[in-house]
Each structure stands twice: as structure tokens, then as C-alpha cells.
Amino acid sequence: MPELKFLGHACFMLKEGPSALIIDPFLTGNPQAAATADQIDCQYILVSHAHDDHIGDTVSIAKRTGATVISTAEVARFCGEKGVQAHGMHLGGKHKFDFGVVRITPAFHGSGLPGGHACGFIIQFHGKTVYHTGDTALFSDMTLLGRLESIDVALVPIGDNYTMGPSDAAEAVHMLQPKLVVPMHYNTWPVIAQSPEVFKQDVENRFKVPVHIMKPGDTLAL
Ligand code: NI
Ligand code: MN
């Protein structure tokens with residue numbers, strides 16, 4: 001059974017036996033980090049954009065483990081130039097890897113690299129579908145994504161200031177219709193302080209989608 005592990009901020013791991021990937025591995029300098037970069041073992045690193053709180057320890061983990069970076073073309077190229085394996089994709093594209101298919105979704109946010117674009121990921125991982133929205137504003141094409149994909153777990157930012165806040169994230173859940181929601185990208189710093197309990201109550205009351213609050217280090221069986 002695949003497992004989802006939360007490592008703090010927007011960093012998650014998906015694991016199924018020896019198969020593992022990490023998303024947005026910001027661990028060094030992350031006050032919420034539940035692991036250090038040298039503890040991570042995986043075959044793939046998915047990077048939503050090149051802001052420090054997402055690209056984080058990507059290059060050092062990739063160099064040590066030989067993991068392949070999966071990201072937009074600009075971020076993949078940046079990582080490739082640092083000497084690591086990278087698979088470039090772009091918005092709207094899908095590709096099949098050994099663990100399953102990755103769809104790159106738009107994210108309304110800066111890329112952190114000139115000419116780039118931030119993204120999110122809809123990841124089919126050993127039969128389960130996880131949508132990590134990346135850092136994004138609310139956008140109504142989430143309705144379309146919810147129709148195209150049967151999402152088991154949606155990972156949505158609720159921190160506000162840089163991304164959706166709790167009320168916009170609740171609307172995102174309503175559009176995506178996932179089986180379960182996990183809030184992310186909050187309480188790392190005072191500027192994104194939020195109550196996940198208030199978000200949970202609102203989403204469950206208004207939209208009848210269960211919300212699972214994960215503490216850094218928590219694991220969820222999918
Ligand atoms: Ni960002
Ligand atoms: Mn961020």
C-alpha cells in the first residue's frame with residue numbers, strides 16, 4: 001500500500017516498498033523539517049518551482065542518491081547544469097515513469113527562474129492519485145482537473161500571503177472533489193500562520209470532503 005509522508009512546509013514523500021519520490025525537498029533551513037537532506041533516499045525528486053522553500057535540497061539529494069529531478073524545462077535545465085539527472089516537462093504534459101504517470105499542472109505563481117513557470121503535479125503513484133498543487137492562486141480550471149482525474153488526495157496550500165489562503169483553498173477542494181485533503185504551506189513562518197482545524201471544519205461542513213491534518217513526520221497510508 002503506498003504511503004504519503006509529510007516532511008514539513010510543502011515537502012512530501014511517496015513510498016511503496018523500495019520505490020520512493022520526494023516533492024519539494026526544502027529541509028535545510030526549514031524550521032518544520034521532519035528529516036535532514038542526508039536522510040532522504042528516493043529515485044525521483046519533483047520540484048514545483050525554483051523558490052528556495054521548494055527547490056531546497058534538490059541538488060544535494062540528487063547528487064548523493066542519483067535521483068532524477070522531474071520539473072518544468074527551466075528548472076530541469078538548471079538542475080542538469082548542476083550535474084544531476086533531470087527530466088524536463090511542461091504545463092499540460094504527462095509522462096509515464098516506473099511508478100506511474102505524472103501530469104504537470106499550471107500553478108499561478110512565480111517560477112523563481114527567468115522565463116519559467118511554476119507548476120503542480122498530479123501523480124499516479126502505484127495506483128493512487130495525489131495532486132500536489134504547488135504554490136498557487138485559486139484558479140477555476142481546477143474544476144476541469146477534478147473532472148479529468150480521480151484524485152485520492154489533494155495537497156493544498158492554506159498559508160495565504162504567497163498562495164491561496166484557507167477560504168480560497170476550500171473553494172479549490174470544492175472544484176477538485178478529491179477523496180481526501182491535506183493542507184500544506186502554513187505555519188512555517190509567522191507570515192503564513194493559519195489554523196488547519198478551522199480549514200478542516202469549513203471544508204467538511206460546506207463541501208463534505210474529509211480533511212486530514214498532518215504534522216511534520218506523519219505518515220498516511222493511501
Ligand atoms: Ni514559491
Ligand atoms: Mn512557497
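## Strand pairing

Phe125 has Lys128 in E10 as its bridge partner. The two strands involved, E9 (residues 119-125) and E10 (residues 128-132), pair in the antiparallel sense over five bridges. Two strands count as paired if DSSP finds at least two bridges between them; strands (E, at least two residues) and helices (H or I, at least four) are DSSP runs, numbered from the N terminus.

E9 and E10 belong to an open sheet of six strands with mixed pairing, in the order E7-E8-E9-E10-E11-E12. Strand E7 (94-97) and strand E12 (180-184) are the edge strands, each pairing on one side only. On average, neighbouring strands of this sheet are turned by 20 degrees against each other, direction ignored.

## Basis of the values

This is a predicted model, in which local features need pLDDT of at least 70 and side-chain atom pairs count only at pLDDT 80 or more, while totals for chains, interfaces and linings use all residues. Residues are numbered from 1 along each chain as its sequence is written, and side-chain values use heavy atoms, with hydrogens and water left out.

## Helix H6

Helix H6 (residues 196-207) has 12 residues and reaches 16 Å from its first C-alpha to its last, close to the 16 Å expected at 1.5 Å a residue (the expected span is 1.5 Å times one less than the number of residues). Pro196, Phe199, Val203 and Phe207 are its buried residues (buried is under 20% relative accessible area, exposed over 50%, partly exposed in between, with a 1.4 Å probe and protein chains only). They lie on the same side of H6 because they cover an arc of only 55 degrees around the axis, taken from the directions from the helix axis to the C-beta atoms.

The face turned away from the buried side of H6 carries the exposed residues Val198, Gln201 and Asn205. Strand E11 (153-157), helix H5 (166-176) and E12 are included in what covers the buried residues of H6 (contact means heavy atoms within 4.5 Å).

## Helix H5 and its packing

The buried residues of H5 are Ala169, Ala170, Ala172, Val173, Met175 and Leu176. These pack against E10, helix H4 (142-148), E11, E12 and H6. Just after H5, a positive phi of about 50 degrees is found at Gln177.

H5 and H6 pack with their axes 10 Å apart and at an angle of about 40 degrees; axes are lines fitted to C-alpha atoms, for helices over the stretch in contact, and angles run from 0 to 180 degrees between N-to-C directions. At this contact, Pro166, Ala169, Ala170, Glu171, Val173 and His174 in H5 meet Phe199, Asp202, Val203, Arg206 and Phe207 in H6.

Notes:
Chains are lettered from A and ligands numbered from 1 in the order in which they are written.
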